[in-house]
Amino acid sequence: MATQVIDTTTTVVRRKTFSETYIGEWITTTDHKKLGIMYLVTGFFFFLVGGMEALLIRTQLAFPDGKVLTPQEYDSIFTMHGTTMIFLFVIPVLVGFGNYIVPLMIGARDMAFPRLNAFGYWGLLFGGLFLQASFAVGSAPDGGWFMYAPLSEAACGVHAVSCTPGMNADFWILGVLMLGISSIAGSVNFVVTILKLRAPGMSINRMPIFAWMTLVTSFLLLFALPSLTTASVLLLLDRHLGTHFYQYASGGDPLLWQHLFWSFGHPEVYILILPAFGIISEVLPVFSRKPLFGYTFVAWSGVAIGFLSFTVWAHHMFAVGLPPLAQAFFATSTTLIAIPTAVKIFNWLGTVYGGKLKFDVPMLFALGFVAMFLIGGLNGVALAIVPVDYQLTDTYFVVAHIHYVLFGGSAFAIFAGVFYWFPKMTGKMLNATLGKIQFWLFLIGVNLTFFPMHLLGLFGMPRRQWTYAGNLGWNDLNLMASIGALIIGIGVMVFLYNFFTSLKSGQPAGSDPWDAFTLEWDTTSPPKKYNFLTIPVVRSRRPFFDKKYPEIADWKSKEAMH
Amino acid sequence: MRKPVFRKPRRWLLAVTTSVLAAIFLSACGGQGNILDTYGPIAGQERTLFYIILAIATVVFVGVEGALVYSIIRFRERPGMPNPRQIHGNLTIEMIWTAVPAIILFITLGFTIQTLFAVDAAPASGSMVTVEAVGHQWWWEFYYPEYKITTADSLYIPVNTNIKVELYSNNVIHSFWVPQLTGKTDVIPGHNNVKYFSANQTGTYIGECAEYCGTEHANMKFNVVVVQPDQFNTWVTTQQQAAVTPAKGSLAAQGEQIFANGVCSGCHGIVGVNIQPGAAGSPYGYYDPSVYCNDPNTLDTTKCKIGPNLTHFGSRSLIAGGVLTNNAADCQPETETFQQLLRTCNLAKWLNDPQGIKPGNDMVINQLTPDQIKALVAYLESLK
C-alpha cells in the first residue's frame, strides 16, 4: 500500500498523515457509516463474550449438583452475561444500525454532531473493555445485572459480615457510568439529526418507522439514564465515602435503589426493543411487497409505549411489599402498555396479509421475531397479574420472559437487520443458504432453551441459583435448555463463518438487492462518504419506491397519505 | 356445494381444550415447588388466576400464530403471482384491534385487582399464629413471639390456622416463598413486611429464598411442616425446654464438652449450655432477633448469635439452609466407624467439610478431628 499521497490542493507529494492510513482512518473517523460499523462489530464482539458466558451458565446447570463453576464464578458469570448482553450487545448494535442507516434513510449526509458521535463510540468501547477487564483482575461484578443494594454495598448487616467488599461492584458502577455518558452523547445526536437534518419533503410523518423508533428510544435514554447515574453514584458514595443511602441501620433505604434502578430499567427494556420494532417495520413491508399497514398507528403506538414506559417501573417490585393501591396502579399502567404493543403485532400481521411474501433471510428472521415476540408478550402479561407475579417473579418464568423478548425479539430483529443491511454496508450479499440454516438453528434453539424455563418457573425453580438438587423435578427441563443453548451456539458459529466468507467472496449486491422502499437503497453499496450525490426530494413515505415505480407512486394515492 | 361432514372446528374451542390439557399436565408434573399443586387458599387463588390468564393467552396465541402461519402459506410468492394491492391501512380495522385487546386486558385487570386485595389482606377471623421469619446469609431463622421460641430451617405451623409472618432481615434482601402455600414477599432490611397465609393439609412443603442474596442463594431453603394443632402445641412445649443433658460418660457428653469449650459456641447457642433461660424477655433462653439483632452499635453477641440456635437440632429435618437433609436415623456414631459415619450421616459430612458442601458460608473453622465429629454428631442428634 502506498505510504505517500499527492495533496490535491498543492500537488506536492508528502507522507500520509496518520488519519489517512487504514488504521488511522478508522480510529479518527467521524463518518456515521464507519462509526456505525464500529458499533456493530464491537456489539457483536460482546455478543460472543456474553454468549460464551451463557454457555457456561447452561453447562453448569445442565445437570443437578453441577461442579463446572464455583458459586462465586457462577455469580460473576450470570451478572456479566446480563450486563454484557444488555449494555454491550443489544444497545450498541441497535445504535450501530441507527448510526449507519438513519442518516441515509432521512436523506442526510452525516449525523448532526460527527465528533460527538465518535466520542460516543469510544466511550462505549472503553466502557465495555473496562467492564470485561474485571475478569482479568479476578473481581468481576457479581451482584446481578440490577445490582440490588444492600448486597452490592461493601459492608452490610449488623454482624458486619461484608457483602461485596472487593472491586467487583465498583467495576460495574464505573463501567455503567461510562456507558451512560456514551449513550447520552449518542442520543442527543440522534434527536438533533432526526429533527433537523431530514431531506426536503420528508415531514415527520413520512419518516421511516426505524427513524421514528430511534427517535423515541433516544428520548427514552435521555430521560431514563439520569436515574441510573444517580443510583450508581449514590452506591459509589456508600461504598467509599461512608454515606448510607441504602443502609437501613443508618437511616437509609434499600428500596431507594430499586425505585431508582427500575425507573431507568423499565424504559431501558423498551430501549432494547423499540429499534427492533423499527427494523421489523422496515423488513416486513419490503419482503411482502406492500407498504406497512397502518403507519400512523405503528408510529404513535411507539410514542405511546415511550411515555407509558416511565409509569410501569414498580411492576419489577410487586413482591417488595408496596401497598395494594400502589400495586393496583402499576398493574393498570402495565396493562395499558400492553395495548400499543398488541397493536403493533396486529399491524405487522396486516402488512404480511395479502402480500407477496419472499422468504429471504431477513424476512425469515422478521417473521420469527413476530412469532417469538408474541410469546414474550403473552408471558409478560402473566407477570403483570400481580398475584400471579407473587408466584412467578424471580423464578425461571421471568428468565423465559426476558429471553423471549430479548432473544426471540431483539436478537432476531438484529439478525434480520444484519442480513437486510449487510449488502448496503459491504456491497456483498451474505450467503442465503447459511443464513437459512442459522435461522432454523436459532428458532429451534430459542424454543428448546427458553420454553422449558416457563415450566421450571411453574415448578418452583428460583433464578440465579448456582446449583440445584436432583430431587426437585427440574433435571430434564434444565438439560433440554442446555441442549437448546448449544444449538444456538452452533447457529452463531454458522453466522460467523457466513460473515467472514461473504465479506471475502460474497455475491456482489448492487445498490438495491431487495427492491426496497427507503432512501438508503437509492445510493451505492457501500455509500460514498457524502452518502448522496444530490439530496433526494421526498414526496411520500416510500420515496425510493416512488422513484422506481412512478406509475403507482405513493404520492399519487390518496390512501397512502392519510 | 357439498356440506362438510363436520362443522368447522372452532378455534377458541381448540384453544380451551389445549389449555385444559395443559393445566392437567402442569399440575400433575413438577415436584414440591409446583405452584399449580397447591395446599392453601392464598396459593390457590394465585393458581386460579394463573389458569384464567393461561386460557386467555392460549386463545390469543393460537389466533395470532394461526393468522401468521396462514398468511405465510397463503401469501407466499408463487410464479406468475401479480403484485399485491398497495393497501396502506384501514382505520376501522385498526380501531377494532386496538379496542379488543384493551377490553380483554381490562377484564383481566379486574380479576387482578380483586385477587390482589384478597391475598394481601389480613384475615378477618380465625385463630392466628405469628412467626417472625428472619433471612440470614444463607439460612432461615423462625422466632415465635407468642411462645418465645426460636428454630431454624424448619417452620412448624398448625393446619387450617392463619399464619402471620413478620419478615425481618438485618443483612441483605431475601424473599420468603412457599410455592405450594403462598407467593413471595421480599424480606427487606428496614421494611419488616408482613405476609399472611395458611395451609389446609398437613405435610411438609418446601420453602425457598427467591431473591438473589449472595453466593449461596441456591442453598437457602426451608421446610414448612404443617401439623395438627395439638401436635403443634406439643412441639411448642418441647421447644420451650432447655437442651437435654446427655448421660455422664457417653459419647454425647463428650460432644457437649466440645461444643461448650470449642469454637462452636462462639456462633451457635444451646439453651442450658452457653445460654441460660429466664432473663428478661427471654423465659426460655431465646431472644427476638428483630429487637436484639437490629442495631450494630449495641449488638450483644451473647443474645444475637450469627449461626442458628441448636437447642433442638435433632428435631429438625434440614441442615444449613437445606443443603443436606438431617438423616438422624443414619447417624450411629456409637457403633459406626468414622468412615462409615462419613458415608451415611449427613451431619458428619457437614461437620467434616462445611466449605466443601456449601462453599462461601460463614462456618469457616479448623478441621475437626474424627473423634470430635463423632462426639458432636452423637450430641447434636440427641437434642430432640
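**Salt bridge between the chains**

I started with E77(B) and K358(A), whose side chains meet in a salt bridge at 3.7 Å, N to O. The model is predicted, so I read each distance here as computed. How many salt bridges cross the interface of chain A and chain B? The rule finds one. I then looked up polar contacts across the same interface. There the rule finds 24 residue pairs, with both residues at pLDDT 80 or more.

**Which parts of chain A touch chain B**

I listed the helices next. Helix 3 (71-105), helix 7, helix 8 (295-308), helix 9 (324-352), helix 10 (361-384), helix 11 (386-392) and helix 13 (432-458) of chain A each supply at least two residues of the side that touches chain B. Which helix gives the most? Helix 9 of chain A does, with 18 residues.

**Interface area**

The size of an interface is often given as the accessible area lost when the parts come together. I looked that value up for this pair. About 8300 Å² is buried between chain A and chain B, and carbon and sulfur atoms give 69% of it. In chain A, K356(A), Y390(A) and Q391(A) lose the most area to chain B. Together these residues make up 9% of what that side buries. I also noted the residue counts for the contact: 100 residues from chain A and 100 residues from chain B.

**R464(A)**

I moved to R464(A), in the loop between helix 13 and helix 14 (475-505) of chain A. Is R464(A) buried or exposed? Its relative accessibility is 7%, so R464(A) counts as buried. I checked what R464(A) touches, leaving out residues up to four places away in sequence. In chain A I found Y74(A), F78(A), G144(A), W145(A) and F146(A). In chain B I found Y212(B) and H217(B). One of these contacts has its own entry: R464(A) lies over the face of F146(A), at 4.2 Å from the ring centre. I also took one C-alpha separation. R464(A) and L104(A) are 360 residues apart along the chain, and their C-alpha atoms are separated by 43 Å.

I found another charge over a ring in chain A. The charged end of K34(A) sits over the ring of W26(A), 5.2 Å from its centre.

**Aromatic pairs**

I counted ring pairs next. The structure holds 79 aromatic pairs over all chains. I opened W145(A) with F261(A). The ring centres are 5.6 Å apart and the planes stand at 70°, so this pair is edge-to-face. W145(A) lies in the loop between helix 4 (114-136) and helix 5 (168-196) of chain A, and F261(A) in helix 7 (residues 254-288), so the pair ties together parts 116 residues apart in sequence. W145(A) is buried at 12% relative accessible area. F261(A) is buried at 0%.

F407(A) counts as buried at 12% relative accessibility. F412(A) is buried, with a relative accessible area of 0%.

**N309(B)**

N309(B) is found in the loop between helix 7 (289-292) and strand 11 (318-319) of chain B. N309(B) is buried, with a relative accessible area of 10%. What does its side chain make a polar contact with? The partner is the side chain of T311(B), at 2.5 Å. Leaving aside neighbours within four places in sequence, N309(B) is in contact with G269(B), V271(B), I275(B), Y286(B) and R316(B).

How values were computed
Residues are numbered from 1 along each chain as its sequence is written. Chains are lettered from A and ligands numbered from 1 in the order in which they are written. Side-chain values use heavy atoms; hydrogens and water are left out. Rings of Phe, Tyr and Trp (its six-membered ring) pair if their centres lie within 6.5 Å; planes under 30 degrees apart count as stacked, over 60 as edge-to-face and the rest as tilted. Helices (H or I, at least four residues) and strands (E, at least two) are DSSP runs, numbered from the N terminus. Buried means under 20% relative accessible area, exposed over 50%, partly exposed in between (1.4 Å probe, protein chains only). A charge sits over a ring if NZ of Lys or CZ of Arg is within 6 Å of the ring centre and within 35 degrees of the ring normal. Contact means heavy atoms within 4.5 Å. Buried area is the accessible area (1.4 Å probe) that two parts lose on being put together, summed over both. A salt bridge is a side-chain nitrogen of Lys or Arg within 4 Å of a carboxyl oxygen of Asp or Glu. A polar contact is a pair of N or O atoms within 3.5 Å; within protein, one must be able to donate a hydrogen and the other to accept it, and residues adjacent in sequence count only if both atoms are side-chain atoms.
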